[in-house]
Amino acid sequence: PARAGLNMEVDALRKLMLENHQRYLPVVDGETLCGVISFHDVAKAVLEEQSFENKMLKGYIRDWPIEESN
């Protein structure tokens, strides 16, 4: 079975889980088991990341300077 490393990005975790049809991945540091991450944990992290990014983009657009035409 596939294993996750401590510093894996969320997208890499999601891809690994989908490719290996695993709902849970052991998280290891070398040969030491540090925990287990679920597909639900990954989906929640993706949703939170997208929500944050969406808020930042909306704020950026809202504060965009308006050009006045002559």
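This is a predicted model: local features need pLDDT of at least 70, side-chain atom pairs count only at pLDDT 80 or more; totals for chains, interfaces and linings use all residues.
The expected span of a helix is 1.5 Å times one less than its number of residues. Helix 2 covers residues 39-62, which makes 24 residues, so it should span 34 Å. Its end C-alpha atoms are 34 Å apart, in agreement with that expectation.

Strand 3 takes us on to the strand pairing. Strand 2 and strand 3 are antiparallel partners, joined by six bridges. One of the pairings places Tyr 24 with Ser 38 of strand 3 as its bridge partner. The two strands form a hairpin with two residues between them, and Gly 30 in the turn has a positive phi of about 70 degrees. Strand 2 (residues 24-29) also pairs with strand 1 (residues 4-5), this time in parallel and through two bridges. Here Gly 5 stands opposite Val 28 of strand 2.

Finally, have a look at the loop between helix 1 and strand 2, where you will find Gln 22. Leaving aside residues up to four places away in sequence, Gln 22 touches Pro 1, Ala 2 and Met 17. A polar atom of the Gln 22 side chain also lies 3.2 Å from the backbone oxygen of Tyr 24, the residue whose bridge partner is Ser 38.

Notes: Residues are numbered from 1 along each chain as its sequence is written. Side-chain values use heavy atoms; hydrogens and water are left out. Helices (H or I, at least four residues) and strands (E, at least two) are DSSP runs, numbered from the N terminus. Two strands pair if DSSP finds at least two bridges between them. A polar contact is a pair of N or O atoms within 3.5 Å; within protein, one must be able to donate a hydrogen and the other to accept it, and residues adjacent in sequence count only if both atoms are side-chain atoms. Contact means heavy atoms within 4.5 Å.
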